Amino acid sequence: MRHSPPSRRARSARRTAAWSVSLIVAAGAAACGPEDNDAKPGGSDAAPHKGGTLTVLNSDPQQDFDPARLYTSGGGNVPSLVFRTLTTRNRENGAEGAKVVPDLATDTGRPNKDATVWTYTLKEGLKYEDGSAITSADIKYGIERSFAAELSGGAPYLRDWLIGGADYQGPYKDKGKGLDSIETPDERTIVFHLDKPEGEFPYLATQTQFAPVPRAKDTGTEYEEHPVSSGPYKVAENQNDGERLVLERNTYWSAATDAERKAYPDRIDVRSGIDPSVINQRLSASQGADAAAVTTDTNLGPAELAKVTGDKELASRVGTGHFGYTNYIAFNPKVKPFDDPKVRQAIAYAVDRTSVINAAGGSALAEPATTYLPNQKSFGYTPYDHFPAGASGDPAKAKELLKQAGYENGLTVTLTHSNAQDFETGPEIATALQDALKKAGITVKLQGLEDNDYSDTVHDAKTEPGFFLAHWGADWPSGGPFLAPIFDGRQIVEDGANFNTGFLNDKSVNDEIDAINKLTDLDEAAKRWGALDKKIGERALTVPLFHPVYKRLYGKDIRNVVISDWTGVLDISQVAVE
Amino acid sequence: MSAAKALDGLAGFAVRRVIGAVVTLLAISVIIYVVFYVAPGDVAQITCGPRCSPAQVQQVAGQLHLDDPLHLRYWHFLQGILAGQDFSTGTSVQHCDAPCLGLSYQSDQQVTQLILAKLPVTFSLVLGAMTLWLLIGVGTGVLSVWRRGRITERVLTGVTLAGTATPVFVIGLVLMIVVCGQLQWLPFPQYVPFAEDPEQWAWNLLLPWLSLALIEAARYARLTRSSMLETLAEDHVRTFRAYGVGERSIVGRHALRGAVAPVVALAANDFGGSMGGAVLTETMFGLPGIGRELVHAVNVVDLPVVVGMVLVIGFFVVVANAVADVLFAVADRRVVLS
Amino acid sequence: MSEPFVALGAAEAGTDVVLAPASGARQFWRRLRAQRAALLAAGVIALLVLVALAAPLLTAIEGQDPTTYHPRLVDSASGGVPVGAFGGMGADHWLGVEPQTGRDLFARLVYGARVSLGVALSATLLQVLIGVVVGVAAALGGRWADQVLSRATDVIIAMPLMIMALALLAIVPGGFPRPVLVAAIIGLVAWGSIAKIVRAHALTLKELDHVAAARLSGWGPWRVARRELLPALAAPVITYAALLFPLNITTEAALSFLGVGVKPPTPSWGQMLTQADVWYQAAPQYLLLPAGALFVTVLALTVLGDGVRTALDPRAASRLRVGTGRRREAKA
C-alpha cells in the first residue's frame with residue numbers, strides 16, 4: 001500500500017485510512033452520520049456566499065495527483081474538484097449521500113440484460129480548462145493509461161472486470177495499443193464490455209480513473225503536475241510534489257452540466273505536511289486565513305476531543321461522519337489452534353469491546369461492531385451478534401468453549417499487530433485485547449511488526465500469522481467491495497497480496513457473490529449482501545471490533561457543511577466561505 | 001615552522017580530508033543500499049498499491065529495475081552521479097543531468113531536485129537556530145563570567161542546564177500550544193520561503209529556532225565560560241590587571257577572544273549534527289525539510305530518496321567536522337604561541 | 001584522522017588532551033565528596049535506581065501493575081479522560097491513571113524508569129566498549145589498521161542516528177525484545193566520538209616513555225593496551241561516558257517519539273511522552289510526570305558528570321562546571 005509519512009502521531013490522520021493514503025486523502029469525511037442528526041453548524045440559512053479563498057490544512061501531501069494513480073472512494077475530495085467522472089457520489093448529508101448519481105454522463109449507466117455490457121452517453125457542452133471538448137475517447141484513454149506500470153496505484157476492479165484487462169499493459173507499450181473492451185462508437189458514447197456480470201459498475205465509474213485525459217496533453221508520470229481539469233477548478237500551482245496545491249476557477253466549467261459540485265469559493269489553497277495536532281490547534285484557534293479552513297485528512301484525536309467537548313463554540317464546529325470501515329481480529333484457520341472454531345469463538349466471547357473502543361479513542365470516535373459489514377443501510381447492514389460478548393466480554397463462556405476444545409488449563413497464543421502508533425491495527429488495540437483475554441485464561445503474546453513488514457507478512461499466504469489485527473475500508477458504499485475480496489474463494493492469491501485471510505473457499509458463498517453481482521437493483525443487492533454477511537459471520541473467521549466515527553473541526557467562517565455516509569467527511573465541493 | 005611548509009601542510013591536509021570525505025560518503029551509500037536491500041517492505045508492492053496483482057507488481061519491479069542484482073543497481077547509481085541518467089515518463093524520455101541521484105520510486109521526482117527543494121527549509125531552520133543559540137549561549141557565558149560568584153551566575157547556569165535536560169519535542173510542543181495556541185503571539189510554524197517574504201519567513205520560524213536554541217545554548221554558555229575562565233587565569237591577564245586595565249575590558253576583550261575559536265569550532269561541528277538531528281525538529285514542527293522527507297522515504301522504502309538525502313546530510317557533517325578540525329588547529333596554535 | 005577533533009570533543013567533554021596527573025581512586029572520591037551539587041545529584045540518581053529496581057515491590061504496595069486496563073476509570077465519551085480530580089489521583093492510584101486505558105500511572109512511571117535507565121546505561125556501556133576497542137586498536141595497530149578504523153569512525157559519525165535506527169529497527173524480527181534492540185542500536189550507531197577521543201589519548205600515551213619502553217621490551221599490543229593504556233584512559237573515558245549517559249536517555253525518548261523506540265505495553269518515559277503530549281490540555285499530569293522524571297534524571301546525571309570530571313581532573317575544575325560557585329574556583 002502506498003503508505004503515509006512519518007509514522008508517529010498520525011493519531012488523527014491515520015484513523016481515516018482504508019488502505020492507502022491516497023484513498024484517505026481522497027475520501028473526505030462527512031458529518032452527520034446516522035445518529036447525530038445533522039450538521040447545521042454554521043448554517044444552512046441564507047444562500048451560501050460565492051467567492052473567497054478556502055484553505056485546506058492537511059497532513060499528507062497530495063503526492064499523487066494523476067487520475068490514473070489515485071485510489072479513491074467516490075472520486076476523492078480535493079481530486080473531485082479537478083476531475084469529473086462518468087458517475088459520482090451524491091453530495092448530500094447522511095444516507096442519501098451514499099447513492100451514486102450521474103456526473104459527465106447523462107445517467108448512471110445502461111446495462112444489458114446480464115449486466116456485462118454498460119453503455120454511457122456524455123452530456124452536451126462538456127469542456128476542459130482550455131475550452132476544448134471532452135470526448136468519450138478521452139475517457140477511454142484515461143482508463144487505458146491507468147493500466148501502465150508507470151501509473152500504477154489505483155483500485156483493482158478495472159483489471160479484474162474488463163475483458164482483456166488482466167493482460168493489458170497500457171497505451172505506452174506496443175505503439176499505443178488500446179483496450180478493445182472499451183468502445184467509443186461516437187464522441188459522446190462509451191461502452192464497456194465486462195467478462196462477468198457486475199451490477200455495481202456505476203459505483204466503480206465514480207473513481208478518478210474514469211476522468212477524461214486528452215491524449216495530446218498526456219505527459220506520462222509528469223501529468224500529475226498539471227492534469228487537465230474537467231471540473232470547477234484547475235491547478236494554478238503545484239509546489240513540491242503536492243505539498244502545496246493552489247486551485248483556481250476553471251472558467252470553462254459550467255454549473256449547468258454539473259448538479260453535484262457547488263464550487264462556492266473562488267480559490268482553494270491546499271497546504272499539507274502539517275502535523276495533525278497542529279492542524280487541530282490551528283482549526284480550533286481559527287485565526288486569520290484559518291477561519292476559512294477545513295481539513296480533508298485529519299480527524300480529532302481523543303485528547304483533542306476531550307478539549308472540544310468542554311467548549312460549546314468549538315463543539316459547534318465539529319463535523320461528525322461515518323465512513324464504511326471495520327476494524328477486526330482476523331484468524332488464519334490453517335494455523336493451530338485457530339483451526340478449531342471453538343477457539344475462535346472463545347476469543348470472540350472474551351473480547352472486551354469497551355476497552356478496545358477506549359483504546360481507539362472512546363465511544364465518540366468508535367462504535368462497537370459485531371457485524372463485519374459497516375452499520376449503514378447502503379451496505380445492507382443486517383444486525384447480528386453470533387457470539388455475544390456484551391460490553392466487556394464473557395470470560396466464563398469463553399472458558400467453557402476452551403474446555404470443550406481441550407484447553408481447560410488455558411491457552412497461550414500470539415497476536416500479531418502493526419507497530420504504527422495510533423493506527424487501528426496498532427499496539428494500543430493489541431494490548432487492550434491482551435488484557436481482556438487474560439480473564440478468559442488466554443495468555444496473549446504480542447508480536448509487533450513495523451508497518452511495511454506487517455502488511456507484507458499478513459497479506460502473504462505463506463507467512464500469514466494465525467491471529468492478527470486487521471481492518472477494511474469501503475471502495476464504495478456497498479457490500480460487494482467489502483465482502484468479495486475477503487471471503488470469495490476465487491480471490492485467494494498464493495503468490496502475491498492476498499486479502500482472503502481466512503482462506504474461505506465455500507461454493508455456496510462464491511455462488512451467492514456471483515448471484516448478487518448480477519443484480520442491477522442496488523437496494524435488492526444490499527439486502528442480499530447483508531444476509532450473506534450474517535451467514536459468513538457464523539464461521540467466526542473474524543471478530544469484528546469497532547467501526548470508527550470521524551470527527552473533524554472546521555474554521556469559524558465555514559458554511560454549508562455536507563457530510564455523506566459515502567465518505568464520512570465534509571465534502572469540499574459544497575463548502576462556502578463567509 | 002616556515003610559511004611555505006605550513007601552507008604545504010595545509011594543502012596536504014585539505015587533500016587528505018577531501019579524499020577521506022569521498023571515501024566516507026561512498027561507504028555510507030553502500031551501507032544504506034545493503035540495509036535497505038535486507039529491510040522488509042516490498043518496494044514494488046508499495047509503489048504499485050496494495051491491491052495490485054502479482055503480474056502488475058512484476059511489471060513495476062521491472063520498470064524500477066528492482067530485479068537487477070544489488071551490485072548492478074549500485075553501479076547504475078554511481079553512473080547516474082557521474083554521467084546522469086535517462087528515464088522514461090511513459091510518453092517521452094527525459095534526461096536527469098549529472099550529478100543525478102536517481103528517481104524517487106514513489107513520486108517519480110528527481111531526487112536531486114527534491115533535495116534542492118527541501119534544503120532551504122532545513123538550512124533556514126538550522127542556521128537561524130544556530131544564530132540564536134550562539135547569541136544566547138555566548139551572552140550567557142560572558143555574563144556569568146562577568147558576574148561570577150553572584151546570584152546572576154547561578155541563575156544563568158541553572159537555566160541553561162535546565163535547557164539541556166529537556167527534550168526538544170517536549171519544549172517544542174508546549175511552546176507551540178502556549179505561544180501559538182493560547183497566547184497567540186506567534187503563528188503556528190509554517191514554512192514561507194525567504195525569497196517570498198523575509199519577514200514572514202523569520203516570524204514563522206521563530207518558535208522552532210527558540211526551541212532548538214533553548215536546548216543548545218547551555219553547552220555554548222558552559223564552553224564560553226570555561227574558555228574565558230581559563231584565559232583569565234593566564235599570566236598575561238594578570239599582567240594586564242596589574243597595569244590597571246579595567247575588568248570590563250579584560251573580560252569583554254581578552255577573555256572573550258580566547259573563547260572565540262572553541263565556540264566557532266563547536267558551532268561548525270553542531271551544524272553537521274543539527275542537519276542529522278533535523279529529523280526530530282522538522283517532524284515536530286511540521287516543516288517540510290530534508291529530515292521529515294527522509295522519515296517519509298524510509299517508511300515507504302524509497303531507496304533513491306533515502307540514499308540521496310543521507311548522502312547530503314553526511315556531506316554537511318563531513319565538511320562541518322573538517323572546518324571544526326581546522327579551527328581547532330588554529331585555536332591550538334594561538335594557545336601555543338601565546 | 002586529525003587530532004583537532006579530539007580537542008573539540010575534549011573541550012566539550014571537559015577533558016584535556018594533556019593528561020591529567022593520574023590520581024588515585026581515594027583522591028577521586030575525596031574530590032567528588034567535596035562537591036555539594038554532585039553529591040545531591042548522586043543521591044537523586046541513587047534514589048532513581050532504587051525505585052527502578054524496586055518497581056515490583058513499590059507497585060505491589062500500591063496494589064497495582066503497569067498493564068491492567070481500568071476502562072471504568074476513564075470517561076469514554078469524552079475521548080477517555082480520567083475520571084476524578086487530578087487525573088484520578090487517590091489512594092488506589094497514587095499518581096492517577098492514564099487516559100484512554102486507565103492503566104496506573106505510578107506503576108508505569110516506575111517501570112518506565114527501569115527501561116529508560118536500563119536502555120541508556122546499556123547503550124552507554126556498549127558505546128564505551130566499542131569506542132575504546134576501536135580507538136585503542138587504531139592507535140596501536142599499524143598505519144593501515146588506523147586508516148581503516150578511523151575511516152569507519154568517520155562513516156559512523158556522518159550517519160544520521162535516527163535514520164539508521166528507523167531502518168535497522170525494521171529489519172530485526174518483531175519478536176526480538178525491544179528495549180535490548182533500542183540499546184543495541186544506539187550503542188552500535190553512536191560510538192564515533194568516543195572512539196576518536198580514545199584514539200587521540202592513546203596516541204599521546206603511546207609516545208610516553210614508560211609505554212614506549214614497554215613496547216620496546218617486546219610486550220604484545222594486547223598487553224600494552226591492558227597494562228599501560230587502559231588504566232590511563234579511565235579518566236577521559238569515564239568523563240565522556242558521563243556525558244553520553246544523559247544524552248542516551250534523551251535519544252531513547254526521541255526514538256520512541258518518532259515511533260521506533262520501545263513499544264507498548266512496555267512503559268518507557270519516552271514512550272509515555274509520545275502519547276502524552278497531545279493530552280497536555282485535557283490531562284496535564286499525564287505529560288508532566290514523565291517529562292518531569294526525564295528532566296530530573298538528565299539534570300542529575302549532567303551535574304554528576306560535571307562532578308566526576310572535576311574530581312578526575314582538578315585542573316579542569318574551573319572549566320565547564322556549573323552552578324558550583326566561587327569556592328572551588330578560588331582553589332583552582
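A residue is buried if 20 or more other C-beta atoms lie within 10 Å of its own. By that test, ten of the ten residues of helix H11 (residues 290-299) of chain B are buried, and the helix is mostly covered. The model described here is predicted.

**Chain A overall**

- Chain A contains 17 helices and 21 strands.
- Its C-alpha trace spans about 75 × 55 × 40 Å along the principal axes.
- The radius of gyration of chain A is 23 Å, which agrees with a compact globule, because a globule of 578 residues would have a value near 25 Å.
- Buried residues make up 66% of the 578 residues of chain A.
- Take the contacts in chain A between residues at least 6 apart in sequence: 75% of them join residues at least 24 apart.

**Where chain C meets chain A**

- Here 29 residues of chain C are in contact with 34 residues of chain A.
- The chain C side of this contact holds 15 nonpolar, 13 polar and one charged residues.

**Where chain C meets chain B**

- Here 43 residues of chain C are in contact with 54 residues of chain B.
- Five helices of chain C give two or more residues each to this side: H1 (4-13), H6 (143-158), H7 (161-171), H11 (221-257) and H13 (284-312).
- H7(C) gives the most, with eight residues.
- The chain C side that touches chain B divides into 31 nonpolar, six polar and six charged residues.

**The two domains of chain B**

- Chain B is assigned a domain 1 (3-111) and a domain 2 (114-332).
- The centres of these two domains, taken over C-alpha atoms, are separated by 32 Å.
- Between them, 22 residues of domain 1 of chain B are in contact with 17 residues of domain 2 of chain B.
- On the domain 1 side, helix H1 (3-38) and helix H2 (43-48) of chain B are the elements that give two or more residues.
- H1(B) gives the most to that side, with nine residues.
- The domain 1 side has 13 nonpolar, eight polar and one charged residues.

**The largest nonpolar core**

- The largest nonpolar core has 347 residues.
- The members that touch the most other members are Ile347(A), Ala350(A), Val351(A), Val356(A), Leu433(A), Val306(B) and Ala165(C).
- Helix H5 (residues 105-140) of chain C supplies the largest share of the core, with 19 residues.
- Leaving out residues up to four places away in sequence, Ala165(C) touches Ile185(C), Val189(C), Leu255(C) and Val260(C).

- Helix H14 (residues 451-458) of chain A is largely enclosed by the rest of the structure, because six of its eight residues are buried.
- Those buried residues of H14(A) are Asp451(A), Asn452(A), Asp453(A), Tyr454(A), Ser455(A) and Val458(A).
- In H11(B), the buried residues include Arg292(B), Glu293(B), His296(B) and Asn299(B).
- Ile290(B), Leu294(B), Val295(B) and Val298(B) are also among the buried residues of H11(B).
- After H11(B) comes Val301(B), which has a positive phi near 55°.

**A four-stranded sheet in chain A**

- Four strands of chain A form an open sheet in the order E4-E5-E7-E6, with antiparallel pairing.
- Strand E4 (110-111) and strand E6 (182-186) of chain A are the edge strands, and each pairs on one side only.
- Two bridges link E4(A) to strand E5 (residues 117-121) of chain A in the antiparallel sense.
- Arg110(A) stands opposite Thr119(A), which lies in E5(A).
- Strands of a sheet pair through backbone hydrogen bonds.

**A hairpin in chain B**

- Strand E1 (residues 85-88) and strand E2 (residues 93-96) of chain B run antiparallel and are joined by four bridges.
- Ser88(B) has Val93(B) in E2(B) as its bridge partner.
- E1(B) and E2(B) form a hairpin with four residues between them.
- Gly90(B) in the turn has a positive phi of about 105°.

Technical notes: Residues are numbered from 1 along each chain as its sequence is written. Chains are lettered from A and ligands numbered from 1 in the order in which they are written. This is a predicted model: local features need pLDDT of at least 70, side-chain atom pairs count only at pLDDT 80 or more; totals for chains, interfaces and linings use all residues. The radius of gyration is taken over C-alpha atoms; the globule rule is 2.2 Å times the number of residues to the power 0.38. A residue is buried if 20 or more other C-beta atoms lie within 10 Å of its own, exposed if 12 or fewer, and partly exposed in between; C-beta atoms are placed from the backbone. Two residues are in contact if their C-beta atoms, placed from the backbone, lie within 7 Å. Ala, Val, Leu, Ile, Met, Phe, Trp, Tyr, Cys and Pro count as nonpolar, Asp, Glu, Lys and Arg as charged, and the others, Gly among them, as polar. Domain bounds come from an automatic or database domain assignment. A nonpolar core is a set of buried Ala, Val, Leu, Ile, Met, Phe, Trp, Tyr and Cys residues joined through C-beta atoms within 7 Å. Two strands pair if DSSP finds at least two bridges between them.
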